[in-house]
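Colleague: Hey, can you walk me through this one? I'd like to start with the strands and then move on to the helices.

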Amino acid sequence: MKINKISLKNYRNHIDTTIEFKSGINLLLGKNGAGKSSIFEALGIALFDVEPRDNNLKNAVTKEEKTATIVVEFSGNDSVDYIVERKIGSQSRYILKELNGNIISERKNNVLEKIGELAGINGTNAKDIFKNVISAYQNDLVNIFNLTPSSRKELFNKIFDTEIYEKIFSLLLQVENEYNKRILADKEKVNLLDEQLKNYVNIEKDISNIKQIIFEIEKIKKTLEEKKDNLEHERKSIQTKLEELKTLKNTLNSEKEKVEILRKNKDNIEKQILESQKALEIVKKTENGYNEYIKIELELNSLYKTERELRIKEKELKNIQEEINKKINEKNLLDVEIKNIDEKLEEYNVSLNQINDENSELKNTLKEKFDELNNTIIIEKNILEEIKKFEYDYEKYREFERKLKELDNNILEEDNLKKIISEKMKELNNYQKSLENTINKLEEKKKLEFRLNELKLKIDNFIKSKTQLQDGICPILNEKCLNLEEKGGSTNYFDLNINNLQSEKKELEEKIISLGNLDSYKKELENTINDFKVTIETMKNKLLDIESNKKLKSEILLEKNKIEKQYNNLSEKKIEYEKKKNEIISLKGKIENNLENIKESINKNNIKIKELEGNILSYIKKREINILKKEKINSEINILSSKEKELSKVLLDIENIEKLINEKEKIKVYFKEDYELYMKNNDLASKLDEYKFNLEQINNEIIIISNNINDLSEKINKYEDLDVLKNKLSNVELEINEVYKKINETFSKLSEYKNELKNLNILFDEKKEKEKQKKIFELNLKKNELKLNLTKDFRENIKSMGKYVSSEFTKIISSHATENYRKMTGKNETIVWDSERDYLVTLKDPLKGEREFSILSGGEQVSVAISIRTALANFLSKANFYILDEPTINLDEERKNMLAENLNNMLNEIEQAFIVTHDGTFSEMAENIIEL
C-alpha cells in the first residue's frame with residue numbers, strides 16, 4: 001500500500017489542509033502544536049478505524065464546526081488507486097471507491113475489510129497491527145514494552161493471533177460433550193428405526209400380485225380400444241360421403257343460377273348492338289361537314305396566335321417610347337449633379353491645406369515636451385529607489401520593535417513554566433502509583449474471573465451428569481454405576497458438590513463486583529499519564545524555545561541599532577522623502593497633461609484630414625460614376641430609337657389580320673350542326689365491334705355451364721340416397737357409445753388397482769428411506785465416535801501450540817531488531833525478546849550482562865523500541881509504509897544522527913515511510929519535506 005494524498009476539513013486545527021506524499025521517506029517538520037500528529041491520527045481513523053488520542057471522535061471536530069471530513073487517496077497492493085472518505089461529528093459517512101469514481105462499499109465493516117486486504121493485513125487484528133506495528137505515535141514508541149507482564153502478553157498475543165490457541169483449548173471440552181450427546185442420540189435413532197421396519201414385512205409380494213391384475217385389465221382395455229378405432233373409421237367414411245353429396249347438390253344449383261344470369265345479359269347486349277348500328281349511319285352522313293369545321297378551326301387558331309404576337313409587339317413599341325423619354329430626363333439630372341460635385345471638391349482642397357500647416361507646428365512642440373518628460377522620469381526613478389530602500393529599512397525596524405516586544409513577553413513566562421513543570425511531575429508520579437495499584441487489582445480480578453469460569457463449567461457438568469445418571473445407570477456401559485453407589489447415590493453426590501461449588505461461586509462474584517470496573521479506570525489513568533507526559537514534554541520544548549529567543553533578542557537589537565545610525569531620525573527622513581516624491585510626481589503630471597493636450601489636438605486634426613480626404617475621394621468617385629452613367633444613357637437612347645423604327649410597321653399588320661379572322665368565323669358557323677351530330681354519335685358507333693364480341697363470349701359460357709350441369713347430375717345419381725346414409729351413421733354412433741361405456745368401466749377398475757399399487761409403492765419407499773436413514777445414523781455413529789477420539793487427542797496437543805508460535809515469532813524479530821540496533825548505535829549488544837517471559841525485552845552486553853527494558857536509559861529505550869518496531873513492520877505487514885512520530889525523543893545528538901543514517905537500511909523492505917518531528921535531523925535523507 002502507498003499513501004498518495006490526505007485532505008482534512010475541520011479536523012482539530014486543520015480547517016482545510018491537503019498534503020501529497022511520495023515514495024521513500026516523507027518528513028513532516030514543524031513546531032509542537034502545528035498539527036503534525038493530527039495528520040497521522042486522521043490517517044489511522046480513515047484507514048483502520050483507530051480511536052483518536054482521547055477516544056472520542058466528536059472531540060476531533062474543530063470547535064464551532066459540526067462535521068469533520070478525512071479523505072485519503074492511496075494505491076492498493078493490487079496497483080489500483082483508491083479513495084477512502086470518512087465524515088465524523090453530526091454527520092457520519094464511510095465510503096471506499098476507486099479513483100475513477102466506481103464505489104466499492106459504503107458499509108463500515110466492508111470498507112475496513114477491503115482496506116485490510118489492500119494493505120496486506122488480513123484478519124480481525126488489522127487495527128492493532130496499525131497501532132502497535134505500522135505506526136509509533138509520540139510517547140507510545142516505548143510504552144508497549146513498559147506495560148505490565150499480563151498487559152504485554154495480552155497485547156502481543158492479539159497481534160500474533162496466538163490467543164486463539166487458548167480459546168480453542170477451552171472450546172474443545174464443550175465439543176467433546178457435544179459428540180457424546182450425538183453418539184447417544186444416534187444409537188436411540190437406530191433402535192427406533194429397527195422397530196419401525198417390522199411393519200413393512202411382505203410388502204414386495206403384495207406389489208407383485210397387484211401388478212399381475214393390472215396387466216390383465218390392460219389387455220382387455222387394448223381390445224376394446226381397437227374395436228372403437230374401427231368403428232370411428234367407419235363413421236368417418238359415412239360422414240365423408242354425406243359431405244361430398246351435399247357439396248355436389250349445392251354446386252348444381254349454383255350452375256343453374258349462372259345460366260339464368262347469362263341469358264339476361266345476352267338480351268341487353270343485343271339491344272346495344274341495334275343502337276350502335278343506327279349511330280354509325282349518322283356518323284357517315286355528317287363526316288364531310290365535321291372535317292370542314294375542324295379545318296377552319298385550325299386556320300382560326302393560327303390567325304389568333306399571329307394576332308396575339310402582333311399585340312405584344314404593339315405593347316413593346318409603347319414601352320420603348322416611354323423608356324426613351326425617361327432616359328432623356330435622367331441625362332439632364334446627371335449634368336446638374338456633375339456641376340455641383342466640381343464646386344464641392346474645390347472647397348475641400350482649400351480646408352485640407354490649412355489643417356496640414358497647423359499639424360506641422362504642433363508636432364515640433366510635442367518633441368520638445370517629450371524631451372522634458374524623459375529628464376523628469378530619470379529624476380523620479382532615482383528618488384523612488386532611495387525611498388524604496390528607506391521603506392524596506394523602516395519596515396524592518398518596525399518589525400524588530402514588534403518582535404522584541406513579543407520576545408520579552410515570551411521570556412517572562414520562563415519562571416512560571418519551570419514552576420508548572422515541577423507541579424506536573426509531582427502529579428504524574430501520583431497517577432503512576434495509582435496505575436500500579438490498579439494493575440495489581442486487575443491481575444487479582446482476572447484470577448478470580450478465571451476461577452469463576454472454571455466453577456461455572458464444573459457446575460454445568462455436574463448438572464448434566466446428574467440428569468444423565470439420575471437413575472444410577474451409566475449411559476455408555478448401560479449398567480449401574482458402582483462409584484455413585486459408594487458415594488450415597490447420584491442425587492446426594494451431585495447435590496452436595498453443586499451446593500459447595502455454588503457457594504464458592506457466589507463468594508467470587510461478590511469479590512469481583514467489589515473490585516468494580518477496573519479496566520475503564522486503568523484506561524482513564526493511562527490516558528491521563530500520557531496527557532501529563534505530552535504536556536510536560538511540550539513545556540520543556542517551550543523552555544528550549546525561550547533560550548533560543550534570548551539569543552534571537554540580542555541579534556535583533558544589533559540590527560535595530562545599525563538602522564538608527566544610518567538614518568539618525570527615521571520619522572523626519574520619512575517626511576523628507578514624501579515631500580520629494582510629491583514634487584516630482586506633480587511636475588511629471590503637468591508635463592504629461594501638456595503632452596496629452598497636444599496629442600489630442602493632433603489627433604483631432606488627423607481626424608479632420610481623414611474626413612476631408614475621404615470626402616474628396618468620395619466626390620471624385622461620384623463624378624466618375626455620373627459621367628459613366630451619362631455615357632451609358634446616350635448609348636441606350638440610340639439603341640431604343642432604332643427599335644422604335646422597326647416596330648412602327650406592326651400597326652398595319654394588326655388591321656389586316658382582324659379582317660381575315662371575321663371572314664373565317666362566318667364560314668365556321670355554317671358547318672357547326674354537322675360537327676355536333678358527328679361528335680354526339682361517334683362514340684356509340686365505335687363500340688359496335690365490342691358489343692358483338694361480348695355477345696359471342698356469353699353464348700360460349702352458356703354452352704360450357706350447361707355441360708357442367710349434365711356432369712354433376714350424373715355424379716349425384718351414383719351416390720346412395722341421403723336418408724339411407726344418415727341411418728347408417730346413426731347406427732354406427734350407437735355402437736361407438738356402447739364401446740366407450742365398456743372402456744370407461746375398464747379404466748375405472750384400472751385406476752383403483754393403480755392407486756392401490758401407488759400406496760404400496762409409497763410404503764415400499766418409506767421402508768427404503770428408513771433403511772437408508774438407519775445406515776446414515778449408523779455411519780454418523782461411527783464418525784462421531786472417531787471425531788470424539790480425535791478431539792481428545794487434538795485438545796491435548798493444542799496446549800503447547802500457542803507458546804511455540806510466539807516463541808518462533810519473537811526469535812526471528814529479535815534477530816532483525818539486534819541487526820537494526822547495532823547499525824543505529826554501533827554497539828555490540830543483543831536484543832532478546834522473550835515470549836515465554838510475557839514478551840519481556842532485555843538488552844544483552846558481554847560486559848554489562850542482561851538488562852531489562854524498564855531500567856534502560858531513555859535514549860536506549862527509544863533505540864531498542866525503534867529497532868523492534870521496524871523489524872515487526874517488515875515481518876508482520878505487507879502494507880509497505882511505516883509511521884514514526886517524534887522518534888528522536890530522549891536521543892542524544894550522536895544517536896539522532898546514527899538513527900537518521902541507518903533508517904533507510906532499517907526500512908529497506910518498506911516502500912514509504914513517514915517521520916513526524918520538530919527536529920531537522922532527517923532533512924538530508926528525506927525525499928519529501930512537508931513544513932507545517
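**Strands, then helices**

Colleague: How do S6 and S7 pair, and over how many bridges?
Modeller: S6 and S7 pair in the antiparallel sense, over two bridges. Two is just enough, since strands pair if DSSP finds at least two bridges between them. Lys97 stands opposite Ile103 in S7.

Colleague: Where do those labels come from?
Modeller: Helices (H or I, at least four residues) and strands (E, at least two) are DSSP runs, numbered from the N terminus. The model is predicted, so local features need pLDDT of at least 70 and side-chain atom pairs count only at pLDDT 80 or more, while totals for chains, interfaces and linings use all residues. Residues are numbered from 1 along each chain as its sequence is written, and side-chain values use heavy atoms, with hydrogens and water left out.

Colleague: What about S4 and S5?
Modeller: Strand S4 (residues 67–75) and strand S5 (residues 81–89) run antiparallel and are joined by nine bridges. One partner to look up is Lys87 in S5, which goes with Thr69.

Colleague: So what's the strand order in the whole sheet?
Modeller: S2-S1-S4-S5-S6-S7, an open sheet of six strands with antiparallel pairing. Strand S2 (14–20) and strand S7 (103–105) are at the edges with a single partner strand each, so one side of each has no neighbour in the sheet. From one strand to the next, the twist averages 20°.

Colleague: Which strands does H1 touch?
Modeller: Helix H1 (residues 36–48) packs on the sheet and touches S1, S2, S4, S5 and S6. Touching, or contact, means heavy atoms within 4.5 Å. The direction of H1 makes about 105° with that of S1. Helix H2 (residues 108–119) lies across S4, S5, S6 and S7, at about 45° to S6.

Colleague: Changing topic: is Gly120 buried or exposed?
Modeller: Gly120 counts as buried, because its relative accessibility is 18%; buried means under 20% relative accessible area, exposed over 50%, partly exposed in between (1.4 Å probe, protein chains only). Gly120 is in the loop between H2 and helix H3 (126–134). Leaving aside residues up to four places away in sequence, Gly120 touches Asn77 and Lys878.

Colleague: And Glu745, what's that one like?
Modeller: Glu745 is partly exposed, at 48% relative accessible area, and lies in helix H15 (residues 722–798).

Colleague: OK, helices now. At what angle do H6 and H11 cross?
Modeller: The axes of helix H6 (residues 203–412) and helix H11 (residues 570–647) cross at roughly 165° and come within 2 Å. That makes H6 roughly antiparallel to H11, as angles under 35 degrees count as roughly parallel, over 145 as roughly antiparallel, 65 to 115 as roughly perpendicular and the rest as oblique. Axes are lines fitted to C-alpha atoms, for helices over the stretch in contact, and angles run from 0 to 180 degrees between N-to-C directions.

Colleague: Last one: what comes after H16?
Modeller: Gly826, whose phi is positive, near 80°.
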